[in-house]
Amino acid sequence: MAPSPNSQPAIESILQEQRLFEPPADFAKDAAVSGADQYQTLYDKAAADPAAFWAELAEQELHWFKKWDTVLDWQPPFAKWFVGGKLNISYNCLDRHLTTHRRDKPALVWEGEPGDSRTLTYAELHGEVCQMANVLKDMGVAKGDRVGIYMPMIPEAAIAMLACARIGAAHTVVFGGFSSEALRDRLNDAEAKVVITADGGFRKDKAMPLKPAVDQALAGDAVPSVTNVLVVQRTKQAVDWTDGRDVWWHDVKPEASNDCPAEPMDSEDLLFILYTSGTTGKPKGVVHTTGGYNLYTHTTFQWAFDIKEDDVYWCTADVGWITGHSYIVYGPLSNGATSVMYEGAPRASNPGCFWDVVQKYKVTIFYTAPTAIRAFLKMGDQHPNARDLSSLRILGTVGEPINPEAWMWYHNVIGGEKCPIIDTWWQTETGGFMITPLPGAIATKPGSATKPFPGILADIVDAEGNPVPANEGGYLVIKHPWPSMMRTVYGDDARFRRTYWEHIPPKDGNYVYFAGDGARKDEDGYFWIMGRTDDVLNVSGHRLGTMEIESALVSHPAVAEAAVVGRKDELKGEDVFAFVILEGTHTASDELKVELKQHVVKEIGAIARPGEIRFAAGLPKTRSGKIIRRFLRNLASGEELVGDATTMEDQSVLEKLRTDG
Ligand code: WT7
């Protein structure tokens, strides 16, 4: 079966893209990796012996309490990196900088939504992390325990992550936009002992409560593992309080010592679990461990952003996603960089908000998502043009394929035609950048993530695992383990094996990692990502499983059956489109549509709210009862049906689906 990417803005224009942007000469001159030849030498060296390549970097770049015995133990599909080594990522992100000039360098620079701000130096951040670590210890959190983090974008979110890592507790950050039901499922799956949250946060000019969702998630002992909730005060909204369980951070902080030695962790000890959507079933807990993740996020951050001592780096993601984990917190801090954190988000009421932050902090490296770029493009050039963006030297993008129009706008209007753009392809599962330009080395083509990072053996194959010729579409795979690869699905090795390693049948014991994306490689070896080949949607760079949304809809009493597909959207890339069949006694109405949309928000969160619901009498199915999603996608986009309808069980169904009812 050929991959049929279901989320792709402007495939045609990407296929015809011919423009090439060389790294600017004065940029390349000072870059850590400079020129195509240097990249190729590095790449070839790494490819010849990936384990030796990573071992050399691990020795040079990280602090180890004890050196490893074995670099890589690969028992497909299970990898262990730096086996026997002992380190602590919080030590590497904080303590080791304190004996250098970085002690008083800003580590986190935070811009709050209502205009408040805060800067924490490495010394200050270290102190607060130790304090929170000590509070967690007092709550009985020990090495190996799991802690849920459900926070707005405030410094305490990063502090909480580092505090967990410091004492060897694994964190599981749940994006603040997820509902109480989604939070409950994740806390239960991870069997979290403590939840760290806030009264609320500011979102798009409004104070949004968070603590009530935690209360609802835990109500009636629904998450029996949780014994305490640590609450940061942010919005000063009134909150309900459960004595004995809930603790205000500002009550315990003054008493907590700012000294807490970092626990020496085994390289393969669990660092965090992050839940993400897949094709089937409930979200899976992606497991990342300590040593390999630390090394890989450290190195990719350093080389892909060509980090210099005075850089001011800003990634606009939320810490609730992998981007925030790897490239707001761990990668930047491990390198001793200054990382900007912003509580706000693009919105029509403040069309210059991003550019104000760039100007205010003289941001030099800016990393955001295509959906945000498209939103700002639409709001007009006058907003960025009215700000001083001359501090910028590198731009980055992540989350979905970037359409060349948005790329060119980013290049011209934001980058002033002088900033290399790094289009970074990676996933929650990969932990860090897999395919990305190194900005001083690789010429860019608008819409292409360009070439694999040194040490990453990426390829495009057909369903049997055979490489496909240049410019032919196929499945994106990785052929050798890398340090920050996910180790398993939390509590479900079989699902890990099935989802990622057996989709492409292993040949002669050679397992390849299946990313779930369709892609092609051009004649220059550049990768062009075409989007997911599975039933995963990419809405504004957020990953959503169609099955999850269908289950949410079907849990409403009026719904008998539901099928969810993606529909192209100018701003979001893709939008959720749901076909719904009602239970016998219920009748279709606009009110019911609103109610069902709200129901999905309650079950999952606002990011999953269907853009459109269409009531249907039946769904197109094959004779064996499988929903033909291809037809539904065509219908959702108002396109002609692609493919053969004769395998369908009931031909009359399609006509009825074109309109409600
Ligand atoms: C999926 C992973 C990695 C952080 C954000 C999303 C898509 C991601 C790109 C890119 C084209 C991209 C892929 C991938 N994706 N970056 N630069 N170009 N597509 O993480 O939620 O795990 O989603 O996002 O489809 O599989 P995620």
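Start with helix α8 (residues 180-190), where S180, E181, A182, L183, R186, L187 and A190 are buried. Buried here means under 20% relative accessible area, exposed means over 50%, and partly exposed is in between, using a 1.4 Å probe and protein chains only. Helices (H or I, at least four residues) and strands (E, at least two) are DSSP runs, numbered from the N terminus. This is a predicted model, so to speak of local features we need pLDDT of at least 70, while side-chain atom pairs count only at pLDDT 80 or more and totals for chains, interfaces and linings use all residues. Residues are numbered from 1 along each chain as its sequence is written, and side-chain values use heavy atoms, with hydrogens and water left out.

Back to α8. Its buried residues pack against β6 (146-150), β7 (170-173), β8 (194-198), α9 (211-218), β14 (270-276) and α19 (590-603), where contact means heavy atoms within 4.5 Å. Just after α8, E191 takes a positive phi of about 50°.

Now for the nonpolar cores, each a set of buried Ala, Val, Leu, Ile, Met, Phe, Trp, Tyr and Cys residues joined through side-chain atoms within 4.5 Å. The largest one has 128 residues, and L125, I196 and Y330 touch the most other members. Helix α7 (residues 155-167) gives the most to this core, with 10 residues. If you click on L125, look for L94, A107, L108, L120, I159, L162 and L333, which L125 touches when residues up to four places away in sequence are not counted.

Helix α11 (residues 290-304) is a handy geometry check. The expected span of a helix is 1.5 Å times one less than its number of residues. The 15 residues of α11 should therefore span 21 Å, and the end C-alpha atoms are 21 Å apart, which agrees. The helix is mostly covered, with 14 of its 15 residues buried. Leaving aside neighbours within four places in sequence, N294 is in contact with L62, L87, I89, N92 and S334. Just after α11, D306 takes a positive phi of about 45°.

For a contrast, go to K29 in helix α2 (residues 25-30). K29 has a relative accessible area of 62%, so it is exposed. The C-alpha atoms of K29 and G291 are separated by 32 Å, and the two residues are 262 residues apart along the chain.

Next, two hairpins. Strands pair if DSSP finds at least two bridges between them. Strand β1 (residues 70-75) and strand β2 (residues 78-83) pair in the antiparallel sense over five bridges, and a hairpin joins β1 to β2 through two residues. T70 has V83 in β2 as its bridge partner. Strand β9 (residues 200-203) and strand β10 (residues 206-209) also pair in the antiparallel sense, over four bridges. Here G200 is bridged to P209 in β10. The hairpin of β9 and β10 has two residues between the strands, and K204 in this hairpin takes a positive phi near 45°.

Last come the rings. Rings of Phe, Tyr and Trp (its six-membered ring) pair if their centres lie within 6.5 Å; planes under 30 degrees apart count as stacked, over 60 as edge-to-face and the rest as tilted. The structure holds 47 aromatic pairs. Take F354 and F366: the ring centres are 5.9 Å apart and the planes are at 80°, so this pair is edge-to-face. The pair links distant parts of the chain, with F354 in helix α13 (residues 353-361) and F366 in strand β18 (residues 365-368), 12 residues apart. F354 counts as buried because its relative accessibility is 3%, and F366 is buried at 0%. F354 also pairs with F376, and that pair is tilted, at 4.8 Å centre to centre with 40° between the planes. F376 sits in helix α14 (residues 370-379), 22 residues from F354, and is buried, with a relative accessible area of 2%.

Elsewhere, W74, F78, W482, F496, Y500, W501 and Y513 form one aromatic cluster. Charges show up over rings too: NZ of Lys or CZ of Arg must be within 6 Å of the ring centre and within 35 degrees of the ring normal. K67 lies over the face of W68, at 5.1 Å from the ring centre, and R630 lies over the face of F631, at 5.0 Å.
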